[in-house]
Amino acid sequence: MAAVLVCVTLLGTALLLFTGSMEGSCGDTALTIHATWWADLSLAYSEIDTIEYRSNLDTSVRTNGFGSPKFSMGTFRNDEFGSYTLYAFTKATDFVVLTAGDKAIVIGMEDAEKTREIYDGLLVRI
């Protein structure tokens, strides 16, 4: 019985750490992020105040959320933004930084090309 419990626990941990997906898209009226292990984001273009493309951003410390070898998502804190929301692949090096009111939202896709697609899509719509 203990061996079965250990196997189930190890399998569940492996699934959490190494699976899941995150997809971003620019729809007709809003930016949408669908994430497997964290709440989805839908941000209307009318709410976005600024858009910036950044490389090698210091994401700093997660205060709430989900982290794995594949993803970093949730509420983070750094010196530049204070408390902000991050949706990123752990290995992301390029980011889209948005402000909406007093909120900062940072998005880092799996590669620079996909991050740039979101940035360019936002520029066209805002």
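Close-up 1. At 0% relative accessibility, F71 counts as buried (that is, under 20% relative accessible area with a 1.4 Å probe and protein chains only; over 50% is exposed, and partly exposed is in between). F89 is buried too, with a relative accessible area of 11%. This is a predicted model, where local features need pLDDT of at least 70, side-chain atom pairs count only at pLDDT 80 or more, and totals for chains, interfaces and linings use all residues. Residues are numbered from 1 along each chain as its sequence is written, and side-chain values use heavy atoms, with hydrogens and water left out. Rings of Phe, Tyr and Trp (its six-membered ring) pair if their centres lie within 6.5 Å; planes under 30 degrees apart are stacked, over 60 edge-to-face, and the rest tilted. That rule gives four aromatic pairs. For F71 and F89, the ring centres are 5.0 Å apart and the planes are at 45°, so this pair is tilted. F71 belongs to strand β6 and F89 to strand β7, so the pair ties together parts that are 18 residues apart in sequence. Strands here are DSSP runs (E, at least two residues), and so are helices (H or I, at least four), numbered from the N terminus.

Close-up 2. Strands of a sheet pair through backbone hydrogen bonds, either parallel or antiparallel; here two strands count as paired if DSSP finds at least two bridges between them. β6 and β7 form a hairpin with three residues between them, and they pair in the antiparallel sense over eight bridges. Look for G74, whose bridge partner in β7 is L86. β7 (residues 82-89) also has four bridges to strand β9 (residues 103-108), and those two run parallel. There, A88 has G108 of β9 as its bridge partner. Six of the eight residues of β7 are buried, so the strand is largely enclosed by the rest of the structure.

Close-up 3. S72 sits in strand β6 (residues 71-78) and is buried, at a relative accessible area of 15%. Contact means heavy atoms within 4.5 Å. Leaving aside neighbours within four places in sequence, S72 is in contact with R62, F66, L86, Y87, A88 and T90.

Close-up 4. Three strands make an open sheet in the order β1-β2-β3, with antiparallel pairing. β1 (22-26) and β3 (41-44) are at the edges with a single partner strand each, so one side of each is left without a neighbour in the sheet. From one strand to the next, the twist averages 10°. Five bridges join β1 to β2 (residues 30-35), and E23 has H34 of β2 as its bridge partner. Helix α2 (residues 112-125) lies across β1 and β2, running at about 25° to β1. Axes are lines fitted to C-alpha atoms, for helices over the stretch in contact, and angles run from 0 to 180 degrees between N-to-C directions.

**Close-up 5. Two loop residues with positive phi.** N56 is in the loop between β4 (50-55) and β5 (61-67), and S60 is found in the loop between β4 and β5 as well. Phi is near 50° for N56, a positive value in a residue other than glycine; for S60, phi is near 65°, again positive. N56 is exposed at 62% relative accessibility, while S60 is partly exposed at 38%.
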